[in-house]
Amino acid sequence: MVHELVLWIQQNLRHILNQPEMGSGSGKCTFAANTAVDDGLWMTLLHLDHMRAKTKYVKTVEKWASDLRLTGRLMFMGKIILILLQGERNNIKEYLILQKTSKVDVDSSGKKCKEKMISVLFETKVQTEHKRFLAFEVREYSSLDELQKEFETAGLKKLFSEFVLGLVK
């Protein structure tokens, strides 16, 4: 439970600290004001540590992406597993909740388990230089160069060099 709490804090502290403080007099929630800021297309890059029940896991990720109207890629290269999502910010947040609270994989003894080894590498509003994905696709890459070309084609060369290269070493 402590581990889950630490993971949640790591992934959400930045958002909590960036929230404007409530005025002492009104006592009204600032959530409604913040939803306007979240409008537009967002992008999140996730890293999964492993996938034991790959076929079932991939189908589940594809279903969630479809149900939440998210586009992007589920990328495999060797042991590296990345999920790049684009869509409304609230839908991406909902995806992360599903990812962490649903039994999507199996543990070493074959029992169904929740995803505890996921990390959010990057999150931003989609910029004009970023390619917009039209669908959610699962892709396997045989080399780092191939994976790098996918990121470059999407206008994400900097994202690749800052976050993905560090996973290879």
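Helix α3 passes helix α4 in a right-handed crossing, and in this predicted model the crossing of α5 and α6 is right-handed as well. Two packed helices are described by the angle between their axes and the distance between the axes.

**Helices α3 and α4**

- Helix α3, which covers residues 54-67, packs with helix α4, residues 89-101, at an angle of about 155°, and their axes are 11 Å apart.
- Because an angle over 145 degrees counts as roughly antiparallel, α3 is described as roughly antiparallel to α4.
- On the α3 side the contact is made by Tyr 57, Val 61 and Trp 64, which meet Tyr 95, Leu 98 and Gln 99 in α4.
- Sorted by class, the residues of this contact between α3 and α4 are five nonpolar and one polar, with no charged residues.

**Helices α5 and α6**

- Helix α5, formed by residues 144-153, and helix α6, formed by residues 157-168, cross at roughly 150°, and their axes come within 9 Å.
- The angle of this pair is also over 145 degrees, and α5 and α6 are therefore roughly antiparallel to each other.
- From α5, the residues Leu 144, Leu 147, Gln 148, Phe 151 and Glu 152 meet Lys 157, Leu 159, Phe 160, Val 164, Leu 165 and Val 168 in α6.
- The contact of α5 with α6 is made up of eight nonpolar residues, one polar residue and two charged residues.

Notes: Residues are numbered from 1 along each chain as its sequence is written. This is a predicted model: local features need pLDDT of at least 70, side-chain atom pairs count only at pLDDT 80 or more; totals for chains, interfaces and linings use all residues. Side-chain values use heavy atoms; hydrogens and water are left out. Axes are lines fitted to C-alpha atoms, for helices over the stretch in contact, and angles run from 0 to 180 degrees between N-to-C directions. Helices (H or I, at least four residues) and strands (E, at least two) are DSSP runs, numbered from the N terminus. Angles under 35 degrees count as roughly parallel, over 145 as roughly antiparallel, 65 to 115 as roughly perpendicular and the rest as oblique. A crossing is left-handed if the near helix is turned anticlockwise from the far one by less than a right angle, and right-handed if clockwise. Contact means heavy atoms within 4.5 Å. Ala, Val, Leu, Ile, Met, Phe, Trp, Tyr, Cys and Pro count as nonpolar, Asp, Glu, Lys and Arg as charged, and the others, Gly among them, as polar.
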